[in-house]
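The stops below are given in the order in which to select them.

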Amino acid sequence: MFESPYDDVRLKLIEYLENRFARRMPALPKQVPLDPEHVRLLWATVLLNIQRGSRAKPVVVGQIVRRLTERSEDAAQLLPILKVALRSSRGPEWRVGLAGVVQLVERQPQLEKLLQESFPELQLCCEEFPET
């Protein structure tokens, strides 16, 4: 199903992944493995879709950020997908992509160098703001 050419199937799979993460029903338990390559393909396909999926795109970015928060070793495979959202000409996708990068810098400071290389147009900084 992950390789389906139909938008309605892909969007349902995104919803399924969100339910699985939130432990809502109906979803298979986390012990049932999903092929990471199929999930990456699904995420990329939804983000690259120009016809539909505008409501699913922020959800996909959130799923990618959560995955990178849990498994920073996946950054090399997932940051190119996140670039799609950040470099979108559509405002909502761009904003959610930027917010995702900021969340990653805050949650995974060890990714800062890789994020800076992936997004050279951004000035990333992990310094704390002085308390007032």
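**Setting up**

This is a predicted model, in which local features need pLDDT of at least 70 and side-chain atom pairs count only at pLDDT 80 or more, while totals for chains, interfaces and linings use all residues. Residues are numbered from 1 along each chain as its sequence is written, and side-chain values use heavy atoms, with hydrogens and water left out.

**Whole chain**

Colour by secondary structure. The chain has six helices and zero strands, and its pattern along the sequence is α-α-α-α-α-α. Helices (H or I, at least four residues) and strands (E, at least two) are DSSP runs, numbered from the N terminus.

Next, colour by accessibility. Of the 132 residues, 40% count as buried; buried means under 20% relative accessible area, exposed over 50%, and partly exposed in between, with a 1.4 Å probe and protein chains only. Contacts here mean heavy atoms within 4.5 Å. Among contacts between residues at least 6 apart in sequence, 54% join residues at least 24 apart.

**α1 against α3**

Select residues 7–22 (α1) and 56–70 (α3). Their axes are 10 Å apart and the helices pack at an angle of about 45°. Axes are lines fitted to C-alpha atoms, for helices over the stretch in contact, and angles run from 0 to 180 degrees between N-to-C directions. α1 and α3 are therefore oblique to each other; angles under 35 degrees count as roughly parallel, over 145 as roughly antiparallel, 65 to 115 as roughly perpendicular and the rest as oblique. The crossing of α1 past α3 is left-handed, a term used if the near helix is turned anticlockwise from the far one by less than a right angle, with right-handed used if clockwise.

Show side chains at this contact. From α1 come Leu11, Ile14, Leu17, Glu18 and Phe21, and from α3 come Ala56, Val59, Val60, Gln63, Arg66 and Glu70. By class, the residues of this contact are seven nonpolar, one polar and three charged. Ala, Val, Leu, Ile, Met, Phe, Trp, Tyr, Cys and Pro count as nonpolar, Asp, Glu, Lys and Arg as charged, and the others, Gly among them, as polar.

**α3 against α4**

The axes of α3 and α4 come within 10 Å and cross at roughly 155°, which makes α3 roughly antiparallel to α4. This crossing is left-handed. Val61, Ile64, Arg67 and Leu68 of α3 meet Ala75, Leu78, Leu79, Ile81, Leu82 and Ala85 of α4. The contact of α3 with α4 has nine nonpolar, no polar and one charged residues.

Now select Asp74, in the loop between α3 and α4. Aspartate 74 has a relative accessible area of 8% and so is buried. Leaving out residues up to four places away in sequence, aspartate 74 touches Arg67 and Leu68.

**α4 against α5**

Move on to α5, residues 91–107. α4 and α5 have axes 7 Å apart and pack at an angle of about 135°, which makes α4 oblique to α5. On the α4 side are Leu79, Leu82, Ala85 and Leu86, which meet Glu93, Trp94, Gly97, Leu98, Val101 and Leu104 of α5.

Alanine 85 counts as buried because its relative accessibility is 3%. Beyond residues up to four places away in sequence, alanine 85 touches Leu47, Val61, Glu93, Trp94 and Gly97.

**The core**

Select Trp43, Ile64, Leu79, Val101, Leu104, Leu115 and Phe119, the residues with the most contacts inside the largest nonpolar core, which has 32 residues. A nonpolar core is a set of buried Ala, Val, Leu, Ile, Met, Phe, Trp, Tyr and Cys residues joined through side-chain atoms within 4.5 Å. The largest share of this core, seven residues, comes from α4.

**Last stop: Leu115**

Which helix holds leucine 115? Leucine 115 lies in α6, residues 112–118. Leucine 115 is buried, with a relative accessible area of 0%. Residues up to four places away in sequence aside, leucine 115 touches Leu79, Val101, Leu104, Val105 and Leu124. Draw a C-alpha to C-alpha distance from leucine 115 to leucine 79: the two are 7.8 Å apart in space and 36 residues apart in sequence.
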